[in-house]
Each structure stands twice: as structure tokens, then as C-alpha cells.
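Subject: Structure handover

Hello,

Here is the structure I promised to pass on. Please open it next to this email and follow along.

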Amino acid sequence: MSDNSNDLAALHALAWVAGSDGPEKNELNIGFMPLSDSASVLVAATQGFAQPYGLTLNLRRQTSWAGINDKLLSGELDAAHSLYSMIYAIQLGISGAPATDMAVLMGLNQNGQSINLSQPLKSTGITSASALEHRVRQPGDKLNFAQTFPTGTHAMWLYYWLASQGIHPLWDVNSVVVPPPQMLAHLQAERIDGFCVGEPWCANAVAQGQGFTVATSQSIWPDHPEKVLACTREFVEQYPNTARALVMAVLEASRFIEASQENRRSTAQLLSSRDYLDVPLATIEPRFMGDYDDGLGNQWHDPHPLRFHNHGAANFPYLSDGMWFMTQFRRWGLLREDPDYLAVTRQVQQLDLYRRAASSLEIAVPADPMRRSQLIDGSIWDGSDPAGYARSFTLHARHDQ
Amino acid sequence: MLRILLINDTSKKVGRLRTALSEAGFEVIDESGLTIDLPARVEAVRPDVVLIDTESPGRDVMEHVVMMTRDQPRPIVMFTDEHDPAVMRQAIKSGVSAYIVEGIHAQRLQPIMDVAMARFESDQVLRSQLQARDQQLAERKRVELAKGMLMKMKNCNEEEAYTLMRRQAMSKQQKLIQVAEQIIAMNELLT
């Protein structure tokens, strides 16, 4: 008649144990979008990386970034695979939800998104950036470009790339929001002429003969920040041990995926499951392994493919990465004034928590929380003067000029 | 209004509690003796609280409480004449949220119900955490067992065994625990 789970003495012992450094919360709901760059979260949850830390991760597939936004704030999701810039938009109160203190726990990946143009554009000979720029200058209807969330990373890559080609992303073309899995349907219906999204939805469009890749996101910024593991700051403060355990489990999964080509390949097989991406392996695998085919007859192995770990460099929440997205919000008029870039980023990026998690797994932690990058238009970003950088672009939509 | 399922396990005439409860503003939705399947009755009438009136909670009463806590958890309030602290401890351990040995006074019923509900809620959170931990622990043990078998079979080290199991699981779109169970089953077949 005495059953362990009914034993109140054991329950109260558990309540006491929760005061030590074990996780305060054992079962977590983790949101993800069906994208190749959700891999480390899926692997952590299904391949036994969380149990040793006393965690069970329940995966919750979502249908839109807006849904992830809302469910993180309502608490229906404890943490989620999130667009880097979306977390900053929530923090600053420009995501459509009330401003809420947010936390970036770690980076999930770098690279692996792309900008694609439609088959009708291709058949009229518009197969390059310069041909696109020429078309945009012609009189007639504006072209429609889709991204996945108004303040998302895909909007920022699309805007940055168009501007680098002399096209004003807000004035010269129309910008619309389409959730990733619906991109192909909108393309087929000719409602959009181009789009920026994560894999496998670009490779899918190419494979179906519905479009071609005109620029990869890594050609805009090699090893750019992309998805993060994020939650509200309240969650980190309420469950600090749980947050650290979660970061450790996902870090280990990230390292595992990149430990060998065989691991990477079997990860692609897991992703294609109907429970996760529900897309054929043949569509996921090539770009997941770094092999690109742009749909125009060009094939290459990308020197900056989708990276999940890169010895920790893909996971470290660089302050300069967080700040960059705010400079772009400022550039495109989403922010009317300069925020205190460094102060906001220091609050959002959970550097100390990440450092503790990475060190205990013997994963290298960069000494400098800023990094220096050169982007497609030749501009240098190193985090040293965010307000000046935000003002440095010829094409912009700031209200104060 | 709180809906109460009243269980009468006394020789006293039915109704001594029902009157007090009605006076205090509670709704007694069902009343019965102990010769029922308590979890089934709870599922059928969906009370907010189960109130057990018993002279002395014996083994069969405790059995009912344990079954209900497992299958249809609800706050349980026990009114009894039994003063023995050992019996009280046993009752709490079985899942009783409030154990009341003094007589029934209508004006005391509301705070007793409030305490029972609060106590029940906090216990439920702990119970589900304990269950999650139990399951994590059980899964870990099975994975460890399978890993040990694989190390022997393949003559490999721990990390290699984990990697083999994970690759196998991912390429079949399964969880690690599923592959671990398959290895254990195969090992039982072959030895």
C-alpha cells in the first residue's frame, strides 16, 4: 500500500532538495519552429542529453514566430528556439506585445538562411542582384518580398541585402510576413516574388522548381548570429539552476551534432521526422551538410555552412551580436531613438550563466564579449560605436533625418 | 459553491455532517458509505473536496484514500474520533489533506476546507515533480543498462556506445530511450 510517489515524507525531502543546486523545475515545455536550425534543441530533448541534469524537455512545435512570442510571454512555453532579433524586439516593446524583460541563454546556430527569388522572375531573366535592381527601377507594380516576422532576423537579412544592392527595402519594394512552412504555397500562388527564410524551406523551393537562391545569409555576414535559446528574464530569476541545466544539455547536443559527419547526417534524418520538420530527407540533408545548389546551375560546398557549435563560438552570446540587431531596428525606423545599446544587451545576454555552463563542459569561452565582422557592403561591425554605426548607412528609414 | 462528496464510515446516523455542511453553505452532491469504488465515484460526480467521516480510519479506509490519490486526486478532509498520532501520520502519508479530530462545528468548516485545498495544491505540484524525476531516473537507468550491454557487445568505450545508440536512434527518428529498450530486449533474446 505504501507507494514511493505517494510518500509525503519523500515529497517534503524533495522540497528541501530544491534548495540545493538541482533544477527547481524538472519538466520544461520547449517551443521550436520546423527549421533545420532547431536541430540542437531537438537532439537535446530526444537523445538523452537532459535527463542527466534532472530535466525532461517536452518539445512543442509551433506554426509561427508570433505564436512563440506570445507563448513565451504567457508561460505556456518555458523557453524556445527563437529569432535573435525577436527577443530584442520583445525587450524593447516593439514586437506587438508589451515590453517584457527577456533573456538570451545561448546561441543555437550561425548561418544557414537565404534570400530567394521566384520562378517567374527567373524566367524573365532576373537571376542576379543587378538584374533585380534594374527591375525595381522600372515603372509598374512593386515586387513583394516575404520575411517571417516584422522584427525578425529574416527581415533584417532581407533589408540589409536589398540595401547593399541599392534597393530601399521599405520604399522600393513591399514587405510582407509569411510563416516559414507557408513560404512555398505563397510562392506557388505568385503572391510573393522573393523571400528570406531558414532551411529547409529555401532548398524546398529550389527542389520544387519554384525559385532560386540569389544570396545566402552567410554571404551577407559570414558566421552571423541567427537563432537563440531564449526565455523571459523572470524564468531565469525564478529557476536559475534549471536555466543552467538547460543550457548545458543543449550545449552538449550542439557539440555532439558537429562531432562527426555521421552525427550530422543522422541529425538530418531525425529532423525529417513528421514530428519535427516533416520534410523529405533529400531536401534537408544537402544544405544541412553545407552542400548548396542555387537552382541556377551553380553548386558549391559553403565555407560558412549552418553551424551549431564551432567549438562554442556559435553558442557564445556575444554582446556585439545582440547590439547589432538593435542598430538595424534603429536604421529602419523601428526604434525612434537610440536605446542604451550596451546596457540593454548586458541585461538580455546571460553571459555569466553561459560562462558557468560552458566552463563545466570544458567548452571554450571567448575572452572578449565583442567580435569584429565585415559585412557584404564592406562595413565593419565590432560593437564599439552602435549609435554611430546605426547612422552610418546611406539607405535607411530613420525618423530623425 | 464548493461541491462535496461525503463518505460516511460511522455507525452514527447519516446526516450529522450533512446538516453542518449545509449550514456552512456547502453543497453535498453525493453521500455514501465505504462500500463503493471511491476513484470511480469521484470521477463520476467530480467533487471539489472529498470528506470522510470515520470513527477510526482502518486499513480499508486508508486503502481507498491511496487509490483515490493515485487515480483521481482531490483534496481529502478526514473527520475522526481517533486521537492516535500514528494513525494520523498514516492518514497524511496516504494522501489526506486535513485530519480533524475535534467535533464538527459549522463555523470552522470554511477555514478547514481552505487549508485542505491549499495543502492539496502544493502537494500536487510536488507530486508531479517527483513523478517527473522518477521517470527521468528510470529512463537513465535503462539507458545506462543498454550502454553497458553495447560496450560489451562492441568492445567499445562509454562515449562510443552513447554515440552509436544516438546515431541509431536519430537515423530511425526515435528517442534514445527507445533504442535502449531495443538493445535490452535483443540482449535478453540472445543470452
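Start where the two chains meet. The contact takes 25 residues from chain A and 31 residues from chain B. Keep in mind that this is a predicted model.

The largest share comes from α13(A), with 6 residues. What kinds of residue make up this side of chain A? It divides into 14 polar, 8 nonpolar and 3 charged residues.

Now chain A by itself. Its secondary structure comes to 18 helices and 14 strands. The radius of gyration is 21 Å, close to the 21 Å that the globule rule gives for 401 residues, so chain A is as compact as a globular protein of that length. Its C-alpha trace spans about 80 × 45 × 35 Å along the principal axes. Buried residues make up 52% of the 401 residues in chain A. Look also at the contacts in chain A with a separation of 6 or more: 78% of them are accounted for by residues 24 or more positions apart.

Chain A has been assigned domains. Domain 1 covers 18-109 + 225-390, and domain 2 covers 113-220. Note that domain 1 is given as two stretches of chain A. The C-alpha centres of these two domains lie 24 Å apart.

Take a moment over α4(A). Is it largely enclosed or largely open? In α4(A), 8 of the 9 residues are buried, so this helix is largely enclosed by the rest of the structure. The buried residues are A:Tyr84, A:Ser85, A:Met86, A:Ile87, A:Tyr88, A:Ala89, A:Ile90 and A:Gln91. Just after α4(A) comes A:Gly93, which takes a positive phi of about 75°.

Next, chain B. Its secondary structure comes to 7 helices and 5 strands. From the N terminus on, the elements run β-α-β-α-β-α-β-α-β-α-α-α. Trace that order in the viewer. Why is chain B called more spread out than a compact globule? Its radius of gyration is 24 Å, well over the 16 Å that the globule rule gives for 191 residues, so chain B is more spread out than a compact globule. The C-alpha atoms of chain B fill a box of roughly 75 × 30 × 25 Å along the principal axes.

Of the 191 residues of chain B, 32% count as buried. Among contacts in chain B between residues at least 6 apart in sequence, 64% join residues at least 24 apart.

Domain 1 runs 3-104 and domain 2 runs 135-190. The C-alpha centres of domain 1 of chain B and domain 2 of chain B lie 47 Å apart.

Over to you.

Best wishes

Conventions: Residues are numbered from 1 along each chain as its sequence is written. Chains are lettered from A and ligands numbered from 1 in the order in which they are written. This is a predicted model: local features need pLDDT of at least 70, side-chain atom pairs count only at pLDDT 80 or more; totals for chains, interfaces and linings use all residues. Helices (H or I, at least four residues) and strands (E, at least two) are DSSP runs, numbered from the N terminus. The radius of gyration is taken over C-alpha atoms; the globule rule is 2.2 Å times the number of residues to the power 0.38. A residue is buried if 20 or more other C-beta atoms lie within 10 Å of its own, exposed if 12 or fewer, and partly exposed in between; C-beta atoms are placed from the backbone. Two residues are in contact if their C-beta atoms, placed from the backbone, lie within 7 Å. Ala, Val, Leu, Ile, Met, Phe, Trp, Tyr, Cys and Pro count as nonpolar, Asp, Glu, Lys and Arg as charged, and the others, Gly among them, as polar. Domain bounds come from an automatic or database domain assignment.
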